[in-house]
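Please read it with the sequence and the coordinates open.

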Amino acid sequence: MDSLRFGIVGIGNMGGAHAVQLFGARVKGAELTAVCDCREERLKWAEERFAGVSLYRDYEELLDSGEIDAVLIATPHKLHPVIAEKAFGRKLNVLTEKPAGIDTASVARMNQAAAESGTVFGIMYNQRTNQLYRRLHDLVREGALGEIKRFVWIINNWYRTQAYYDSGDWRATWNEEGGGVLLNQCPHNLDIWQWILGMPVRLRAFCKEGHYHRIAVEDDATIYAEYENGASAVFITSTGEYPGTNRMEISGTLGKAVVENGCLKLFLLERDEREICQTSKEGMPQEKVDCQIMEQEEPGGGHLEILQNYTNAVLYGEELIAPGVEGIRGLTLSNAAYLSAWKDEWAELPLNEEEFNAILRKKQESEDAVRRNVRHEELSGEYSERWSVRW
Ligand SMILES: NC(=O)c1ccc[n+]([C@@H]2O[C@H](COP(=O)([O-])OP(=O)(O)OC[C@H]3O[C@@H](n4cnc5c(N)ncnc54)[C@H](O)[C@@H]3O)[C@@H](O)[C@H]2O)c1
């Protein structure tokens, strides 16, 4: 294969922006050959811009068309594993938008289908291309901070208005979106958390539903998680605080790292704190701390870098920045947070998927479908700053 032929399912905000990049030849070795959407106005939008690109109303027809080698899925979340499984069944390569889905059971089935297909499966975790998170990921994995003790991320600069929630009928519903701030805005952050630190063994969460907006799902959440080695993690988010904060702090036995305001600060000890604690004769020693500062010189390639990396992975076997099968991990964190909040108790990992799905189903059945004045927002087809890391 010399060129990867992409078809996009869902050409709304995000899929529309990817389509513009692919059609504009911004991704080497990739071309846009087909798009699919169930809304006529979006097909008309595409027809006016993408000469020669086939238009489909039914994604199964797109998958069967023979016109694509890879499908990029940018529909509402619930459909991601449904469409992906069908694509894998046809031996197509899949790049899905985040989150991987809304429940881990269907995502596990998607992962199984991906493995059986032997094709390339990626997920659009564009924040993994951010320079500072990449550096921190490598430092923690190399043991630069020693054994991790604590992780704290306050990421409440995801401010959204009621107009935002009213901009699409699938948004902020248990039926269509399957969750709120943890499932829409935070999949990137939950992924970065687990990418750097790995998965905890249990968590306790508090999720406030409709706290700041007229929505059924949570717009404020706090998660406290514990790791096998006794380390703890606290994750705080909301879409209702302005101005917000984006501050991550990780402490380990060899020092700490702080990421805030586009800057990574490392505070490194000369010897392990556990050793200091056990051997020092002083009660409160003043240890030498080496401080290193890394400014974010450029934000990383974002969506385009993931598109290019994915294309290179299919064409030349390049290692994926964000393998699709890893999408289940961040989703496990948000599913477990919901289960803990709904039951007002700890959620152990691996997650009890049956119990999660049973409660989610009840919430979906009792959801009031007409509580909001929904109007579809104007879609620009441009990459938006609000999808990048914001400080
Ligand atoms: N990676 C990122 O930074 C990022 C940013 C924004 C959105 N997203 C993700 O992209 C996905 C879409 O979000 P959005 O904001 O573009 O939503 P959107 O509502 O603007 O677009 C979704 C599109 O899918 C279409 N669609 C729905 N059901 C379909 C079906 N059965 N067949 C074909 N088309 C169908 C809709 O008509 C719509 O045009 C979400 O999962 C979201 O989380 C990712």
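## Helix α10 and its cover

The buried residues of α10 are covered by elements that include β1 (4-9), α1, β2 (30-36), β4 (70-73), β5 (93-96) and β6 (121-123). The model is a predicted one, and in it the buried positions of α10 are His303, Ile306, Leu307, Gln308, Asn309, Tyr310, Thr311, Ala313 and Val314.

Helix α10 itself runs over residues 302-316, and because 15 residues at 1.5 Å a residue should span 21 Å, the separation of 21 Å between its end C-alpha atoms agrees with expectation. Just after α10, glycine 317 adopts a positive phi of about 75°.

## The ligand shell

The ligand is surrounded by 26 residues, of which the closest are Gly10, Gly12, Asn13, Met14 and Trp387. Helix α1 (residues 13-23) supplies the largest share of this shell, namely three residues. Sorted by class, the shell around the ligand comprises twelve nonpolar, nine polar and five charged residues.

## Two helix pairs

Helix α6 (residues 131-142) packs against α8 at an angle of about 30°, and the two axes lie 8 Å apart; α6 and α8 are therefore roughly parallel to each other. On the α6 side the contact involves Tyr133, Leu136, His137 and Val140, which meet Ile192, Trp195, Ile196 and Leu197 of α8. The residues in this contact of α6 with α8 divide into seven nonpolar, one polar and no charged.

The second pair consists of helix α5 (residues 104-117) and helix α11 (residues 327-343), packed at an angle of about 170° with their axes 10 Å apart, which makes α5 roughly antiparallel to α11. Here Thr104, Val107, Ala108 and Asn111 of α5 make the contact with Gly327, Ile328, Leu331, Thr332 and Asn335 of α11. By class, the residues of the contact of α5 with α11 are four nonpolar, five polar and no charged.

## Leucine 183, a buried loop residue

Leucine 183 is located in the loop between α7 (162-165) and α8 (187-197), and it counts as buried because it has 25 C-beta neighbours inside 10 Å. Leaving aside residues up to four places away in sequence, leucine 183 touches His77, Pro99, Ile102, Glu177, Gly178 and Ser334.

Leucine 183 and leucine 331 are separated by 148 residues in sequence, yet their C-alpha atoms are 7.6 Å apart in space. Leucine 331 is also one of the residues with which α11 meets α5.

## Backbone details in the loops

Most residues other than glycine have a negative phi, and most peptide bonds are trans. Against that background, alanine 25 has a positive phi of about 55° although it is not a glycine; alanine 25 belongs to the loop between α1 and β2 and counts as exposed because it has 11 C-beta neighbours inside 10 Å. Lysine 91, likewise not a glycine, has a positive phi of about 60°, and its place is in the loop between α4 (79-89) and β5. With 11 other C-beta atoms within 10 Å, lysine 91 is exposed.

Which peptide bonds are cis, the one from tyrosine 242 to proline 243 and the one that joins leucine 349 and proline 350 among them? The bond from tyrosine 242 to proline 243 is cis with omega near 0°, and proline 243 sits in the loop between β10 (232-238) and β11 (246-252). The bond joining leucine 349 and proline 350 is also cis, with omega about 5°, and proline 350 lies in the loop between β15 (347-348) and α12 (353-365).

How values were computed: Residues are numbered from 1 along each chain as its sequence is written. This is a predicted model: local features need pLDDT of at least 70, side-chain atom pairs count only at pLDDT 80 or more; totals for chains, interfaces and linings use all residues. A residue is near a molecule or strand if its C-beta atom, placed from the backbone, lies within 6 Å of it. Helices (H or I, at least four residues) and strands (E, at least two) are DSSP runs, numbered from the N terminus. Ala, Val, Leu, Ile, Met, Phe, Trp, Tyr, Cys and Pro count as nonpolar, Asp, Glu, Lys and Arg as charged, and the others, Gly among them, as polar. A residue is buried if 20 or more other C-beta atoms lie within 10 Å of its own, exposed if 12 or fewer, and partly exposed in between; C-beta atoms are placed from the backbone. Two residues are in contact if their C-beta atoms, placed from the backbone, lie within 7 Å. Axes are lines fitted to C-alpha atoms, for helices over the stretch in contact, and angles run from 0 to 180 degrees between N-to-C directions. Angles under 35 degrees count as roughly parallel, over 145 as roughly antiparallel, 65 to 115 as roughly perpendicular and the rest as oblique. The expected span of a helix is 1.5 Å times one less than its number of residues.
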